[in-house]
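I set out to look up the ligand sites of this model and to record what was found. The entries follow the order in which I looked.

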Amino acid sequence: MHNDPLHTALAVATEAGAVLLQHLALPREIAEKSQRADLVTDADRASERLIVERLKSAYPAATILAEESGELAGSAHERWIVDPLDGTTNFAHGYPLFCISIAYEAGGELVAGVVHAPAMGETFAALRGEGATCNGKPIAVSAIARLADALTCTGFRPADYDRNGRAFEAVSRRAQGVRRDGSAALDLAYVACGRFDGFWELDLRPWDVAAGTLLVREAGGIVTQTDGSDARLDAGSILATNGRLHEELRAALG
Ligand code: IPD
Ligand code: CA
Ligand code: CA
């Protein structure tokens with residue numbers, strides 16, 4: 001098992017998906033974290049407990065960076081990056097766009113990534129150099145070449161409207177559509193499979209973007225920061241597109 005991080009991630013994400021669906025059927029306990037609309041539910045915690053336990057037992061030496069627990073320090077060479085429930089606000093309202101995001105990094109490079117959306121019955125997976133799949137079938141980014149023909153997506157919290165409003169308006173006026181689907185990891189998976197032609201967001205964390213970044217790249221797309229500079233998991237901002245649209249969308253963001 002140890003030399004197959006993708007299979008480990010798939011197995012663990014599937015198990016955690018079942019935990020999320022169980023909690024979806026239960027009355028939910030929701031607490032606000034640092035700011036309004038930053039929610040944590042009993043489901044986030046239960047999913048993370050399970051994922052961390054499984055990863056620790058399969059990879060006892062690896063570092064695990066998980067949203068609710070922070071960094072569980074281990075080997076500097078191997079790191080798991082985990083969002084146990086991405087799209088908590090959607091989850092809390094019973095809106096089915098939520099997922100588990102698990103990525104595996106070796107020597108600072110993303111090697112494997114899984115985004116599992118249990119209520120949608122879809123599992124996206126990517127392995128460095130081997131491409132990306134949805135439910136086992138190869139996926140690729142779209143071929144849309146103009147923003148005017150593109151369906152795009154972004155995300156921001158209520159408190160961040162001022163920082164986002166201008167770009168949101170600019171792209172809304174030029175693209176075919178802009179969605180705020182509420183799960184950055186799934187938004188990236190949807191760029192990877194060609195449903196969205198581009199996605200951008202300003203204040204994301206490594207666990208929101210790690211698996212999705214690998215998915216987009218392995219599906220033939222491009223990932224940078226919103227100003228076009230090299231992507232970094234801790235950069236905050238991300239711009240992910242099918243490649244053809246990248247420059248036009250970057251310019252539209254201002
Ligand atoms: C959030 C979602 C959302 C994005 C937020 C993230 P969470 O993650 O990805 O789409 O706009 O910035 O924090 O809190 O649901 O794991
Ligand atoms: Ca998240
Ligand atoms: Ca989360």
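**Conventions.** I note that this is a predicted model, in which local features need pLDDT of at least 70, side-chain atom pairs count only at pLDDT 80 or more, and totals for chains, interfaces and linings use all residues. Residues are numbered from 1 along each chain as its sequence is written, chains are lettered from A and ligands numbered from 1 in the order in which they are written, and side-chain values use heavy atoms, with hydrogens and water left out.

**Ligand 1, shell.** I looked up the residues near ligand 1 (a heavy atom within 4 Å) and found 13, of which D86, G87, T88, R157 and E201 are the closest. I sorted this shell into 3 nonpolar, 4 polar and 6 charged residues. Here Ala, Val, Leu, Ile, Met, Phe, Trp, Tyr, Cys and Pro count as nonpolar, Asp, Glu, Lys and Arg as charged, and the others, Gly among them, as polar. Strand β5 (residues 75-86) gives the largest share of the shell, 3 residues; strands are DSSP runs of E with at least two residues, and helices runs of H or I with at least four, numbered from the N terminus. Domain 1 (5-139) and domain 2 (147-252) each supply at least three shell residues, with bounds from an automatic or database domain assignment.

**Ligand 1, polar contacts.** I then listed pairs of N or O atoms within 3.5 Å. Oxygen atoms of ligand 1 lie 2.7 Å from a side-chain N or O atom of D86, 2.7 Å from a polar backbone atom of G87 and 3.5 Å from a side-chain N or O atom of E67. Of the 380 Å² that ligand 1 exposes when taken alone, the protein buries 89% (Shrake-Rupley method, 1.4 Å probe).

**Calcium ions.** Which residues coordinate the calcium ion (ligand 2)? I found D83, D86 and D208, each through OD, at 2.1 to 2.2 Å. Donors are N, O and S atoms within 2.8 Å of the metal (3.2 Å for Na, K and Ca), and water is not among the atoms, so sites may look incomplete. The donor spacing in sequence is D-x2-D-x121-D. D86 in strand β5 and D208 in helix α6 (residues 206-218) are 122 residues apart. D83 also coordinates the calcium ion (ligand 3), which is 3.7 Å from ligand 2.

**Helix α5.** I located V191 in helix α5 (residues 184-192) and noted it as buried at 1% relative accessibility. V191 and G221 are 30 residues apart in sequence, and their C-alpha atoms are 8.0 Å apart.

Definitions and conventions: A polar contact is a pair of N or O atoms within 3.5 Å; within protein, one must be able to donate a hydrogen and the other to accept it, and residues adjacent in sequence count only if both atoms are side-chain atoms. Buried means under 20% relative accessible area, exposed over 50%, partly exposed in between (1.4 Å probe, protein chains only).
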